Amino acid sequence: MCIYRIYFNVFESFRRALKTSLDWIIDREAWRRKAVEIRARFDANKNVRSIKHLRALLEDAENELRKHSHPDPYRYPTAPGGSKWERNIPPLPHITIREHPH
């Protein structure tokens, strides 16, 4: 595996860790403290250059994310699966709306 791909996976793991913590912590101020803790954990290993060690760290991070995933994660209302997804969809262009004669 290319080292750049591993770095990309680290970035993705960091993003998922932040999003997972946001599912559990609603208060933004408390979440910010947790985000700083997550960043410190990632920064503690930023000088690791061994691909084997990086893979092991990534696997540990993925296992921890799976372990702490929220059963009902937050979704933005207009995102797929959100409460407003596809609400008030405009009519398809090939369907004409005719007014009812009075």
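This dialogue walks through a predicted model, feature by feature.

Visitor: What should I keep in mind about numbering and confidence before reading the model?

Guide: Residues are numbered from 1 along each chain as its sequence is written, and side-chain values use heavy atoms, with hydrogens and water left out. In this predicted model, local features need pLDDT of at least 70 and side-chain atom pairs count only at pLDDT 80 or more, while totals for chains, interfaces and linings use all residues.

Visitor: Where is serine 13, and is it buried or exposed?

Guide: Helices here are DSSP runs of H or I with at least four residues, strands are runs of E with at least two, and both are numbered from the N terminus. Serine 13 sits in helix α1, which spans residues 3-24. For accessibility, buried means under 20% relative accessible area, exposed over 50%, and partly exposed in between, using a 1.4 Å probe and protein chains only. Serine 13 counts as buried because its relative accessibility is 0%.

Visitor: Which residues is serine 13 in contact with?

Guide: Contact means heavy atoms within 4.5 Å, and, leaving aside neighbours within four places in sequence, serine 13 is in contact with Phe42, Leu58, Glu62 and Leu65. A polar contact is a pair of N or O atoms within 3.5 Å; within protein, one must be able to donate a hydrogen and the other to accept it, and residues adjacent in sequence count only if both atoms are side-chain atoms. The side chain of serine 13 makes such a polar contact with the side chain of glutamate 62, at 2.9 Å.

Visitor: Where does threonine 20 lie, and what does it touch?

Guide: Threonine 20 also belongs to helix α1, and it counts as buried because its relative accessibility is 15%. Its side chain reaches the backbone oxygen of arginine 16 at 2.8 Å. Not counting residues up to four places away in sequence, threonine 20 touches Leu65, His68 and Ser69. Threonine 20 and tyrosine 74 are 54 residues apart in sequence, yet their C-alpha atoms are 9.0 Å apart in space.

Visitor: Which residues make up the largest nonpolar core?

Guide: A nonpolar core is a set of buried Ala, Val, Leu, Ile, Met, Phe, Trp, Tyr and Cys residues joined through side-chain atoms within 4.5 Å. The largest one here has seven residues, namely Phe14, Ala17, Leu18, Trp31, Ala35, Ile38 and Leu65. Helices α1 and α2 (28-43) each supply at least two residues of this core. Tryptophan 31 touches Leu18, Ser21, Leu22 and Ile25, again not counting residues up to four places away in sequence.

Visitor: How much space lies in the largest pocket, and which residues lie nearest its centre?

Guide: Rolling a probe the size of a water molecule over the atoms shows where empty space is left. On a 1 Å grid over the protein atoms alone, with a 1.4 Å probe, a pocket is an open set of points with protein on both sides within 12 Å along at least five of seven lines, and lining residues have an atom within 4 Å of a point. Here the largest pocket holds about 790 Å³, and of its 28 lining residues Ala17, Ile38, Arg41, Phe42 and Ala61 lie nearest its centre. Helices α1, α2 and α3 each supply at least two lining residues, with the largest share, nine residues, coming from α1.

Visitor: Where does asparagine 45 lie?

Guide: Asparagine 45 lies in the loop between α2 and α3 (51-67), and it counts as partly exposed because its relative accessibility is 31%.

Conventions: Grid points are joined across faces, edges and corners, and a volume is the space filled by probe spheres set on the points.
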